Amino acid sequence: MQTITITGRHPLHGCIRPAAAKNSTLPLLAATLLCGAPCRLLEAPRLADVDTSLALLQAVGANAQRCGADLCTRPAENLCGEIPEHLAGAMRSSVFYLAPLLCRTGLVRLPLPGGCRLGPRPVDIHLAGLATMGAEVELEGMAVTLRRRAPLRGVDFTLRLPSVGATMTLVMAACCAQGQTVLRGAAREPEVCDLVRFLRACGARISGEGTPLLVIDGGRPLGGAVHRPLPDRIAAATYAAALAAAGGELEIAGCDPALYDAFLQFLARTGVQTVRTADGVRLARDCTVPLRGGVQLHADAWPAFATDTAPLAAAVLLTAEGESTIFDSLFANRFACAAGFVAMGAACTAKGRRLTLTGPCALHGADVTAPDLRGGAALAVAALAAEGQTRLHDPGHIRRGYENLAGALCGLGAHCRCETGAAGL
Ligand code: EPU
């Protein structure tokens, strides 16, 4: 286990450029299995989940590796649809391999995917869509097996809720299916649009990304593409939250503020100065003036306030005046980080999907444990505002989604260090 030690109350200064998004890069890597020519994902992030994806690709017989800062893939002939349990269990994104391996091999077996424990995370929409397209679905213990005896067929399918992952699964499947697929109630997240742009660059015919109605003309052979994954809007929001907690001045460059507009609007409402620049946003906060709390946030699918930023908003609101509530529509256990906040002196309670907190809290350093990826980042943000030293024990979550969170914060003037296994945290 690695531990980040953070001594709070040191303002941040400088400029940061978020890496490419985990939640774009991971499905893009899976989608390269559909491609009949080499692909290159430019400046891909160095994350534990990317390493797991490369290991998974190699385990099923694909050619995928790092080439300097990029990720390179080449088409492989003899793929196998058996996904090893330790790789499936290491991340939620193993689910992205269902559709491409089903299309390519006719048979895929996926032990149920792991990832952050944010409450129940069923895969029923992925499976229902694939079944409608002609896949035979067999659930057996903790694994799912999909078979197809003929090419998948295009369908008119309505998602019962706009799942990001299921939309990506069904877009990939529809690219290989014979005929036209219409997806209704699709997710509109920027990462879905990024996957569509990549597949289109490879030769797919897809329209409607960014809307709930996607139309895919399937059955066209796909080539390859050189593609730059979208910048990480959640990492950008994390640095913005860090500035709000620690004070100082920070420019976040290379990530369109429109990608995390709801979060920037929230920060502006609490009193953080936000100014758009040509390439991003400049933020400033004077810590002698308390932030304004008393807000009600509701996390939901794009373009609403992003669920991944809900714990980060909570960390900021701990230092703001008034009672605030945050409700998360998507995940039942988004606020597992509340226990860490309380250990740091916060007045907050998580009841189901709702977090209630009353600030400003006199935060002090404590020993806390990252319960999940974004919850871990939120505890780091709270530690920046706390008096004294916080030891954040991380059983591996933060490295799944941030290239080098502690290093980035140190580079901006935060007082933090990794006590063990410094590389990569
Ligand atoms: N859902 C179902 N059935 C399904 C699929 C989803 O009931 O078949 C439910 C989920 O249980 C959840 C809701 O639908 O309550 C939304 O889930 P969604 O499928 O949209 O999320 P996801 O694809 O599992 C991705 C990101 C998450 C991010 C969510 C929401 C990846 C790898 N993960 O998850 O990111 O929070 O979309 O935007 O892309 C993270 O980065 O830490 C993270 C958790």
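**Exercise 1.** Which residues have the most contacts inside the largest nonpolar core?

*Solution.* Before we start: this is a predicted model, where local features need pLDDT of at least 70 and side-chain atom pairs count only at pLDDT 80 or more, while totals for chains, interfaces and linings use all residues. Residues are numbered from 1 along each chain as its sequence is written, and side-chain values use heavy atoms, leaving out hydrogens and water.

Step 1: know the term. A nonpolar core is a set of buried Ala, Val, Leu, Ile, Met, Phe, Trp, Tyr and Cys residues joined through side-chain atoms within 4.5 Å; buried means under 20% relative accessible area, with a 1.4 Å probe and protein chains only.

Step 2: read off the answer. Ile252, Phe263, Phe266 and Phe341 have the most contacts in this core of 81 residues. Its largest share, 12 residues, comes from helix α8 (residues 233-246); helices are DSSP runs of H or I, at least four residues, numbered from the N terminus.

**Exercise 2.** Find what Ile252 touches beyond its neighbours within four places in sequence.

*Solution.* Contact means heavy atoms within 4.5 Å. The partners of Ile252 include Ile16, Pro18, Tyr239, Asp279 and Leu283.

**Exercise 3.** Work out why helix α1 is described as largely enclosed.

*Solution.* Step 1: look at residues 22-31, the 10 residues of α1. Step 2: check the buried ones, among them Lys22, Pro27 and Ala31. Step 3: conclude. Nine of the 10 are buried, so the rest of the structure largely encloses α1.

**Exercise 4.** State what share of the chain is buried.

*Solution.* Of its 425 residues, 56% count as buried.

How values were computed. Buried means under 20% relative accessible area, exposed over 50%, partly exposed in between (1.4 Å probe, protein chains only). Helices (H or I, at least four residues) and strands (E, at least two) are DSSP runs, numbered from the N terminus.
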